[in-house]
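Subject: Structure handover

Hello,

Here is the structure for you to look at. My notes on helix packing and the ligand follow.

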Amino acid sequence: MLRDKVALVTGAGSGIGRATALAFARAGAHVAVSDIDVGNASATVDRILAAGSEACCIPADASHAHAVAELIAKTVARFGRLDCAHNNAGIESALAATADSDELDFDRTIAVNLKSVWLCMRAEIAQMLKSGGGTIVNTASVGGLVAVPQSGAYAAAKHGVIGLTRTAAIEYAQQNIRVNAICPGLTRTGMTDRLSRADPELLSAIMPPMGRMAQPDEIAQTVVFMCSDAAAYLTGQALAVDGGATAIWRACAPPFGLLRCDRQGRDEKPVRLCAARLVPVLPKHFTRDFRRVPTTRRSLQ
Ligand SMILES: NC(=O)c1ccc[n+]([C@@H]2O[C@H](COP(=O)([O-])OP(=O)(O)OC[C@H]3O[C@@H](n4cnc5c(N)ncnc54)[C@H](O)[C@@H]3O)[C@@H](O)[C@H]2O)c1
């Protein structure tokens, strides 16, 4: 699918980024593996080399302009060009409602999750223009499409990633550069392990209709598809790969609250719920009950 293409992945030392680096290599690409964590990035490279493909490790903090410029330069120095980029490095913000959230945490989350994508795209597009085109996939999140209670900075950054993606997509649509965002739902990685330790109830409370988290490779396969010629007409899109999570929320969650039903779907009553209460309510009234309840959308009183 990507034979002899050159692909770059940030945040490739772990989770979704590592899975994408491995999937790019299986698809025939030469892979520049980048992460702020040198040991983990090297481990990803070792796995690619052991499987007989080509890769190199280029440690970089994707939120620093100088480091990103060097990352692109080193990739081109090593492999001669850049065809595909997965801008994926990211962190979770501290769990806190808006009034309780911390400025340093906000700034760090925006720098790593949003500014890094802008820095990477800026350098990658400049390089791709020199060689006649390329494809970029930015990792957003379902948190770029809907609210994420207790994680305002994360949601803001991921909504911003989608804005950057759409803008670059139309700016370069006629120069053979496609730009899309992938919006993973819950995916089993270091990030979800940490969130689960911070709040043991959280993940089961927001489990999607499929009733399980994604494996990182299920996200990676979609990224490879989005970078391949099979997706030649795909640009400017934010593609949710989320086990149905946003399908429910869009169909059943009016802007000002949610309809809450009893377990059998008989005693349906409209209830206004503030964002902070969304998470505890979701499992009981959506992931279990929504199948038995008529799903036509009703407005709240
Ligand atoms: N896991 C999920 O449920 C989920 C859902 C939606 C979106 N995402 C997004 O997927 C991406 C990957 O997350 P993950 O779940 O694989 O988490 P992860 O923690 O396993 O991997 C994130 C990687 O990014 C690296 N990183 C962090 N800061 C960096 C920086 N400044 N520069 C370079 N690398 C840096 C980390 O070292 C780590 O290897 C993130 O953007 C995250 O927001 C994850």
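Which residues in helix 1 meet which residues in helix 2? Arg18, Ala21, Leu22 and Ala25 in helix 1 meet Asn40, Ala43, Thr44, Arg47 and Ile48 in helix 2. Contact here means heavy atoms within 4.5 Å. By class, this contact has five nonpolar, two polar and two charged residues. (Nonpolar covers Ala, Val, Leu, Ile, Met, Phe, Trp, Tyr, Cys and Pro; charged covers Asp, Glu, Lys and Arg; the others, Gly among them, are polar.)

First, the ground rules. This is a predicted model, where local features need pLDDT of at least 70 and side-chain atom pairs count only at pLDDT 80 or more, while totals for chains, interfaces and linings use all residues. Residues are numbered from 1 along each chain as its sequence is written, and side-chain values use heavy atoms, with hydrogens and water left out. Helices are DSSP runs (H or I, at least four residues), numbered from the N terminus. Axes are lines fitted to C-alpha atoms over the stretch in contact, and angles run from 0 to 180 degrees between N-to-C directions.

Helix 1 and helix 2

Helix 2 spans residues 38–50 and packs on helix 1 at about 25°, with the axes 10 Å apart. The two are therefore roughly parallel (angles under 35 degrees; over 145 is roughly antiparallel, 65 to 115 roughly perpendicular, and the rest oblique). Their crossing is right-handed (the near helix is turned clockwise from the far one by less than a right angle).

Helix 1 and helix 8

Helix 1 (residues 15–26) also packs with helix 8 (residues 216–227), at about 50° and with axes 8 Å apart. This pair is therefore oblique. On the helix 1 side, the contact includes Gly15, Ile16 and Ala19; on the helix 8 side, it includes Pro216, Asp217 and Ile219. The residues divide into ten nonpolar, three polar and two charged.

Helix 4 and helix 5

The axes of helix 4 (residues 103–130) and helix 5 (residues 152–171) come within 8 Å and cross at roughly 15°. That makes helix 4 roughly parallel to helix 5. The contact includes Phe106 and Trp118 of helix 4, and Tyr154 and Leu164 of helix 5. It has 14 nonpolar, four polar and one charged residues.

The ligand

There are 29 residues around the ligand (a heavy atom within 4 Å). Ser14, Asp35, Tyr154, Thr187 and Thr189 come nearest. Now the polar contacts (pairs of N or O atoms within 3.5 Å). A side-chain N or O atom of Ser14 is 2.5 Å from a ligand oxygen. For a polar side-chain atom of Tyr154, the distance to a ligand oxygen is 2.6 Å. A polar backbone atom of Ile16 is 2.8 Å from a ligand oxygen.

Best wishes

How values were computed: A polar contact is a pair of N or O atoms within 3.5 Å; within protein, one must be able to donate a hydrogen and the other to accept it, and residues adjacent in sequence count only if both atoms are side-chain atoms.
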